[in-house]
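Trainee: I would like to learn how to read a model like this one. Could we go through it together?

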Amino acid sequence: MWSIAFLKLPFVASKGREEEEDQECTLIENETTATLMRVLPLWAKVTLLVSILLNISFFAAAFLRHSSTKRDPSQLLYSPAQDAVQYEIKKFHRGFGQDKTIYQGDPSPELDAEWKSLYDSMGIIRLTRSQAASLPNKTYPYIGDDGYYIGELAVFHQLHCLNAMRISLAQNHYRTVFDPSDFDPVEGSYGRDHISHCLDALREAIMCASDISVITWKWNNKAQRALGHGDIVHSCRNFEKIHDWSSDHRAAVEFEAGVYVEDELSDPSD
Ligand SMILES: *[C@@H]1O[C@H](CO)[C@@H](O)[C@H](O)[C@H]1NC(C)=O
């Protein structure tokens with residue numbers, strides 16, 4: 001588009017030479033670019049060249065701007081999953097009556113499986129050396145998977161923690177399903193100390209994300225009062241995309257936690 005406009009410019013500008021103009025216009029329509037370059041006065045060639053250069057730099061600048069703003073502005077620190085972030089609008093559920101989710105209800109193997117599928121099997125991922133080198137915190141190398149490093153996206157640790165809290169709330173049932181040592185107050189996955197750690201990890205995560213969607217109120221005839229409603233629309237990160245990304249970067253081998261290696265990308269031991 002721009003080039004057509006600029007090609008026409010010299011002819012529009014040469015007022016008072018109408019005959020010549022007509023001839024030149026016919027030339028443009030019929031002849032090749034080479035002929036055009038021959039008939040153009042020097043100043044027009046210079047204008048054309050400058051306009052081409054300006055256009056190239058404009059598009060280059062627009063492209064660079066686009067690719068640098070692609071990064072999620074809410075992400076101040078590098079994450080290897082930053083390109084998997086997509087935003088979407090999601091309606092939350094009331095969690096009462098008819099509007100419950102598959103993650104609610106009494107303990108059952110089906111319920112346990114739904115919860116596990118949120119974070120299990122893609123929790124631990126392997127990072128390339130350059131991804132590990134870009135992390136704001138250092139991490140440990142995989143032993144036996146040369147050149148890779150161990151990581152986990154925080155959302156999956158948070159989901160694991162929430163599930164542990166859910167299980168500890170239904171201890172009467174799960175004590176009959178799991179090993180009693182899992183409920184040891186100090187060492188157990190569902191014991192006091194781990195649940196306290198999980199509860200506070202979720203407090204930090206919730207405050208870190210600080211969802212600013214507005215919960216609304218509606219008149220309720222039965223209660224004869226206005227009640228708050230959580231089933232409103234929220235601006236969310238697409239969980240499936242993050243889940244898929246993590247799944248695609250799943251660790252190929254179990255990491256060896258019991259072998260010490262010195263590595264330049266790792267912090268010294270505690
Ligand atoms: C991660 O980095 C922060 C800031 O440098 C530091 O305070 C923190 O101790 C690091 N965490 C670990 C586990 O190394």
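Trainee: Where is the place of Gln224?

Mentor: Helices (H or I, at least four residues) and strands (E, at least two) are DSSP runs, numbered from the N terminus. Gln224 sits in the loop between S4 and strand S5 (225-229). Its phi is near 55°, a positive value in a residue other than glycine. Ser210 is another residue to look at: its phi is near 35°, again positive in a residue other than glycine. Ser210 is found in the loop between H9 and strand S4 (216-220), and it counts as exposed because it has 6 C-beta neighbours inside 10 Å.

Trainee: How many helices and strands does the protein have?

Mentor: It has ten helices and six strands. Of its 270 residues, 10% count as buried.

Trainee: Which parts have the lowest and the highest confidence?

Mentor: Here we use pLDDT, the predictor's confidence in each residue, from 0 to 100. The protein averages 83, and 80% of the residues score at least 70. Confidence is lowest in helix H1 (residues 2-13), with a mean of 38, and highest in strand S1 (residues 87-91), at 98. Over residues 1-29 the pLDDT is below 50, and this stretch has 16 contacts in the model beyond near neighbours in sequence. A contact means that the C-beta atoms of two residues, placed from the backbone, lie within 7 Å. Where pLDDT is low, the predicted coordinates should not be read in detail.

Trainee: At what angle do H7 and H9 pack?

Mentor: Two packed helices are described by the angle between their axes and the distance between the axes. Axes are lines fitted to C-alpha atoms, for helices over the stretch in contact, and angles run from 0 to 180 degrees between N-to-C directions. Helix H7 (residues 154-169) and helix H9 (residues 192-209) pack at about 130°, with axes 9 Å apart. That makes H7 oblique to H9; angles under 35 degrees count as roughly parallel, over 145 as roughly antiparallel, 65 to 115 as roughly perpendicular and the rest as oblique.

Trainee: Which residues make that contact?

Mentor: Among them are Cys161, Leu162 and Met165 of H7, with Ile195, Cys198 and Leu202 of H9. By class, the contact of H7 with H9 has ten nonpolar, three polar and no charged residues. In this scheme Ala, Val, Leu, Ile, Met, Phe, Trp, Tyr, Cys and Pro count as nonpolar, Asp, Glu, Lys and Arg as charged, and the others, Gly among them, as polar.

Trainee: What is the angle between H5 and H7?

Mentor: Helix H5 (residues 109-119) packs with H7 at about 160°, and their axes are 8 Å apart. That makes H5 roughly antiparallel to H7. The contact is made by Trp115, Leu118 and Tyr119 of H5 and Phe156, Leu159, His160, Asn163 and Arg166 of H7.

Trainee: How far apart are Asp244 and Ala84 in sequence and in space?

Mentor: They are 160 residues apart in sequence and 8.7 Å apart in space, C-alpha to C-alpha. Asp244 lies in helix H10 (residues 239-248) and is partly exposed, with 13 other C-beta atoms within 10 Å.

Methods. Residues are numbered from 1 along each chain as its sequence is written. This is a predicted model: local features need pLDDT of at least 70, side-chain atom pairs count only at pLDDT 80 or more; totals for chains, interfaces and linings use all residues. A residue is buried if 20 or more other C-beta atoms lie within 10 Å of its own, exposed if 12 or fewer, and partly exposed in between; C-beta atoms are placed from the backbone.
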